[in-house]
Amino acid sequence: MANGWRRESRHPKLLSPKPLLLLLLSLTLLLLFLFLAFRSPSDPNLTPSLSLSTPSPKPYPIPQFNCFDSPQAHPVVANLVENVNYPFLYSLPDFGSLPDKPHKNLVRLLKGKLFRKPDISATIQGILEGMKKEGGNDGGLVVDVGANVGMASFAAAVMGFKVLAFDPVMENLQRLCDGIWFNRVGELVTVFEAAASDHVGNITFYKLVGRLDNSAISAIGAKLAFKSNEEVAVQVRTIPLDEVIPDSQPVLLLKIDVQGWEYHVLKGASKLLSRKKGEAPYIIYEEDESLLQASNSSAKEIRDFLQTVGYHDCTQHGTDAHCTKS
């Protein structure tokens, strides 16, 4: 125009280059923060390993349980464990009788408290801590027979120890998979869907409806603590530990809790247990006489067998026995 008047642009200034650049930068930083937050656990004691790739095959005679192909457990209720030196999470398998008698840990969670410390978890960490101080790690395995939902397996794995976990109950295996994800220990924990025993084959296993943690190879043993519950008989794979663990593989600790089947597990590990002092594993096994008798064995039979392979030093800790080669 002749008067020199200039029309102002009506385009919004938010699209100018500088604010747009700042917006993109903010989004990038937000995405980076979310990536880092979910890439590693907040607790420095937890092993920072979050691999979503399929586990690499290992030279074992039976296939390892594949958490990536397993149906997801539901519902999932998980929490940290109280008062352990190396914190970890596990997934609660039993919710109690809702709504009248919920599981004590479920009540604790609703009150904002951590799950009660399982005795075996503190015991495992204490023993392994002592081995670390003595310099006796050397890449040795922790073998968890009757792994249940992983209270012993994860107690060891978050300390950096490799674990072989055995359990034949699918529902427990699903909870183990939950814990492997929660604790970022996929490269440390190998899971087998099998019952360790003294022979290769199959055996009838009794799953106790509503209390899978009390399932057992003996129907009587499964129902000893919860006689009113219904059990379901299933066929499960059995394999001796000597068939799975090569002679060259160091084993630091062997934990066994199999509702009375302990004698058969130990017999199937004769070669492992016959290793010389300093190479034979520390043993923790449940020694409940009523459960053992339900599986046609006894505490005396176990102690006599252990002496034949060199374990002369066994002490009682509640219903557990701790054995070493002196």
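## Aromatic contacts

At 13% relative accessibility, Tyr-263 counts as buried (under 20% relative accessible area, with over 50% exposed and partly exposed in between; 1.4 Å probe, protein chains only). Phe-305 is likewise buried, its relative accessible area being 12%. The model is predicted, and local features need pLDDT of at least 70, side-chain atom pairs count only at pLDDT 80 or more, and totals for chains, interfaces and linings use all residues. Residues are numbered from 1 along each chain as its sequence is written, and side-chain values use heavy atoms, with hydrogens and water left out.

The structure holds four aromatic pairs. Rings of Phe, Tyr and Trp (its six-membered ring) pair if their centres lie within 6.5 Å; planes under 30 degrees apart count as stacked, over 60 as edge-to-face and the rest as tilted. Two of the pairs are tabulated here.

| Pair | Centre distance | Plane angle | Class |
|---|---|---|---|
| Tyr-90 and Phe-115 | 5.3 Å | 55° | tilted |
| Tyr-263 and Phe-305 | 6.1 Å | 90° | edge-to-face |

Tyr-90 belongs to strand β2 (residues 89-91) and Phe-115 to the loop between α2 (104-110) and α3 (119-133), so their pair ties together parts 25 residues apart in sequence. Helices (H or I, at least four residues) and strands (E, at least two) are DSSP runs, numbered from the N terminus. Both Tyr-90 and Phe-115 are buried. Tyr-263 lies in helix α8 (residues 262-267) and Phe-305 in helix α11 (residues 299-308), so this pair ties together parts 42 residues apart in sequence.

One aromatic cluster is formed by Tyr-60, Phe-166 and Phe-192.
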